[in-house]
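Please read the notes below with the sequence and the model side by side, and check each point against what you see.

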Amino acid sequence: STEISTIVNSISRHNLTLPSTGYILAIVSLFIISIAEIGRIPFDNQETHYELTMIHEGMLLEYSGKLLGLMIWSGWVKQLIIISLISNLIFPWGITDSCTLPAISIALVFYFLKILVFSIFIALIETIIAKVRLFRVKDILISSFVISVIALILIIQEAGRISRP
């Protein structure tokens, strides 16, 4: 399915103690794409003022004051939304369906732990890997696309194997 709620329910229902190869490849591809979309250090350096090296933050050169603050804040919100989406797809545990106070508080604790783990992993990647040259970014993104296609084929093949008697 392509619905996020169905994907999360399917992953949490199967209780993935040993994830399949397709699932691991999909996570790797999704992680590479999310870092590129967020514009973190391996792909982009927001502190530079050279327009050739800025992929996402080139428009910030025209703003100052409160408008610059709003643009930076919107970038942080976009980063939080993408990290939330990816972390809930990778670790779907702790998501609740009920609206009781204990269930929501437990879900919030799990949510903040997932965000913390994902953020620490992004920071680790940023410190280990140096900035990728602008002309090499397309090679990494194409390889991520190929990994996602392989993951899709493996997951479809595995689903067909499970559904057949």
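1. Helix α2 is followed by G39, whose phi is positive, near 85°. Helices here are DSSP runs of H or I with at least four residues, and strands are runs of E with at least two, numbered from the N terminus.

2. Before going further, please note that this is a predicted model, in which local features need pLDDT of at least 70, side-chain atom pairs count only at pLDDT 80 or more, and totals for chains, interfaces and linings use all residues. Residues are numbered from 1 along each chain as its sequence is written, and side-chain values use heavy atoms, with hydrogens and water left out.

3. How confident is the predictor? The pLDDT, its confidence in each residue on a scale from 0 to 100, averages 76 for the protein, and 73% of the residues score at least 70. Among the elements, helix α1 (residues 4-14) has the lowest mean pLDDT, 70, while α4 has the highest, 87. Where pLDDT is low, the predicted coordinates should not be read in detail.

4. As for the overall make-up, the protein has five helices and zero strands, which gives the pattern α-α-α-α-α when it is read along the sequence. Of its 165 residues, 25% count as buried, a word that here means under 20% relative accessible area, with exposed meaning over 50% and partly exposed in between (1.4 Å probe, protein chains only).

5. Helix α2 covers residues 21-38, and because its 18 residues should span 26 Å at 1.5 Å a residue, the 26 Å between its end C-alpha atoms agrees with expectation. The expected span is 1.5 Å times one less than the number of residues. Helix α3, with 25 residues, reaches 36 Å from its first C-alpha to its last, close to the 36 Å expected.

6. G22, found in helix α2, counts as buried because its relative accessibility is 3%. The C-alpha atoms of G22 and I150 are separated by 7.4 Å, although these residues are 128 apart along the chain.

7. The count of aromatic pairs comes to three, where rings of Phe, Tyr and Trp (its six-membered ring) pair if their centres lie within 6.5 Å, and planes under 30 degrees apart count as stacked, over 60 as edge-to-face and the rest as tilted. The rings of F31 and F118 have centres 5.4 Å apart and planes at 80°, so this pair is edge-to-face. Since F31 lies in helix α2 and F118 in helix α4 (residues 101-128), the pair ties together parts that are 87 residues apart in sequence. Both F31 and F118 are buried, and together with F121 they form one aromatic cluster.

8. Finally, please look at Y63, whose place is in the loop between α2 and α3 (66-90). At 32% relative accessibility, Y63 counts as partly exposed.

Notes: pLDDT = per-residue confidence, 0-100.
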